[in-house]
Amino acid sequence: MKKWWMEAIGYQIYIKSFKDGNNDGIGDLKGITDKLDYLHLLGVNLIWITPFYDSPMDDNGYDVRDYFKVADCYGSIDDFKILLSKAKKLNIKVILDFVLNHTSDEHNWFLESRKSKNNPYRDYYIWQKPKVIDGMNHPPTNWGSFFGGSAWKYDEITNEYYMKIFSDKMPDLNWKNDKVIESMIDIGKWWLDLGIDGFRLDAVSHLSKAPFEDSKFSNDIVLDWFKFSNLPNNHTYLNKMYEGLFKPYDVFTIGEVGGQASIDEAIKYSAFKSNELSMVFNFDHNWHNNIHDILDLKDLKVNVLALKETLNKWQETFKKIGWLPLNWLNHDQPRLVSHYGNQNYHNESAKMLATIMYLSRGTPFIYQGEEIGMTNFPFNDLSQIDDISTLNSVKNQISKNPDNSQAIIDKALMTTRDHPRTMMQWDDTKFAGFSEVKPWFHVNPNYKIINVKDQMNDSSSIWSYYQKLFSLRRFSKYSNTLIYGTYEMIHKDDPNLFIYLRKSDNEKILVMGSFSSQNQSFDTSNYPILEVIIQNYDDISIENQIINLRPYESISYKVKEQK
Ligand code: NOJ
């Protein structure tokens, strides 16, 4: 099977922080339009834009108030039409972030729903009576929410609780109600008729909920993923979306399936023969370091073996039956070089990480700023944080464990979702060229040394390397092998080197990257070098067929066939 999206290079745009087109300090649609030529030059031909619907912005737009309207701060539908038409001219496909699991509590459906128990919209959401113990009202179950606290919120108008697995202002929709599904299909059609090419489906593993019984994990409030992740009816609902929307429009869909999606579930969602989605983003490879066990980032260590095992497991499972996105991170995780690279080898480690991920089998999806090796922000105080999930969960943890508050805050500052949300670093002018006025959020102080403008003018920069990698995939004599070739990891037990082969009928390409700051060696006698395809040092250090890999070195070469 061959599809346009298998050959694409995807780029995620977190709109609020990407580029401010009207100088009000907030990224917007015009800003994206202004940067489409830039993305085209980088080699990107598919963009995923995070939500820009009308929203009170409790969760930066993932709380939708009106799916048919653009948030004022991001522009207008006309701005979006201009963006689309320019993208079409440049052959860049555009996908929208479609939020299916919840709306804002300011969405009309919810305003109606909460009015009375017999309102026609009551069943658009999930309402339950309080559990009364000793005459006191309690949430219907002990389920916790992702952002901290209970997954239920009391609403006094009807004396019932509504479910909300994210923030209080994000009530969950009731997917048992076919009207919800029909409404979502109508919304999807409306955007597809405007000319978009597909959707990234937000939080899509959580649509179905378990029967409302307490979690056995704790007597207290507890986040129990099993109560609302990857349950059987999720497939039924997605199949309805597929039949009613994705199939008739023949669109590309990529679901966000957090919630410990087992590979078996992922196959159901997105194998070639599945009638649900084209691909899924999973998060199994996102936290393979010791970040949750340390108090100082200088102690950060990547668990290379675990990372290899996870990535290989997904590749092996999907090798004949489906297709994977290739991504390191998104707007919810720390920055790539800070998380999996090494600041002392900033340039080398950024390039190495790009090499091993984006030459694998699948569709690359990079996150804005990754192409210049943007890093985490040096947060040192909670007052610098904007993210609702970080703030809520810190508050919650401290309420349970007040003596430990500083450690809780320090930890949160290391892992907060705000790291990837600082302003895109376009140049070395004030506010990093993001805006002419003070932006809504921080600019990383390293923008004078890490920025797009400098890196575009430097053929040895991370940016130039990403451009070369993408061009290798899209336009080179190796494209066919790099896109459709098989994937086979070798030297699985090596704790420093990540090595695999891509093979097609007539060629074999070896891709290798070192996660070590010490020299490592690799014996090429079974894989002799015919032609080097891409490397992150200026030369290769090889003697008697043994490559001496310097810190974070990566090399990809065509292997000479042996008789
Ligand atoms: C997943 C998104 O990536 C995240 O940013 C958001 O907070 C939740 N879904 C809720 O929509």
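Colleague: Is the crossing of α11 and α15 left-handed or right-handed?

Modeller: This is a predicted model, in which local features need pLDDT of at least 70, side-chain atom pairs count only at pLDDT 80 or more, and totals for chains, interfaces and linings use all residues. Residues are numbered from 1 along each chain as its sequence is written, and side-chain values use heavy atoms, without hydrogens or water. A crossing is left-handed if the near helix is turned anticlockwise from the far one by less than a right angle, and right-handed if clockwise. For α11 and α15 the crossing is right-handed.

Colleague: How is α11 oriented relative to α15?

Modeller: Helices are DSSP runs (H or I, at least four residues), numbered from the N terminus, and axes are lines fitted to C-alpha atoms over the stretch in contact, with angles from 0 to 180 degrees between N-to-C directions. Helix α11 (residues 346-358) and helix α15 (residues 462-475) have axes 10 Å apart and pack at about 15°. Because angles under 35 degrees count as roughly parallel, over 145 as roughly antiparallel, 65 to 115 as roughly perpendicular and the rest as oblique, α11 and α15 are roughly parallel.

Colleague: Which residues of α15 make the contact with α11?

Modeller: Contact means heavy atoms within 4.5 Å. From α11 the contact draws on H346, N347, A350, K351, A354, T355 and Y358. The partners on α15 are I462, Y465, Y466, L469 and R473.

Colleague: Which three residues supply 30% of the area that domain 1 buries against domain 2?

Modeller: An automatic or database assignment divides the chain into domain 1 (7-101 + 178-466), domain 2 (108-163) and domain 3 (484-559). The C-alpha centres of domain 1 and domain 2 lie 29 Å apart, and 31 residues of domain 1 are in contact with 19 residues of domain 2. Domain 1 and domain 2 bury about 2000 Å² between them, 69% of it on carbon and sulfur atoms, buried area being the accessible area (1.4 Å probe) that two parts lose on being put together, summed over both. On the domain 1 side, the three residues supplying 30% are F212, D214 and I221.

Methods: Helix = DSSP H or I, 4+ residues; strand = E, 2+ residues; numbered from the N terminus.
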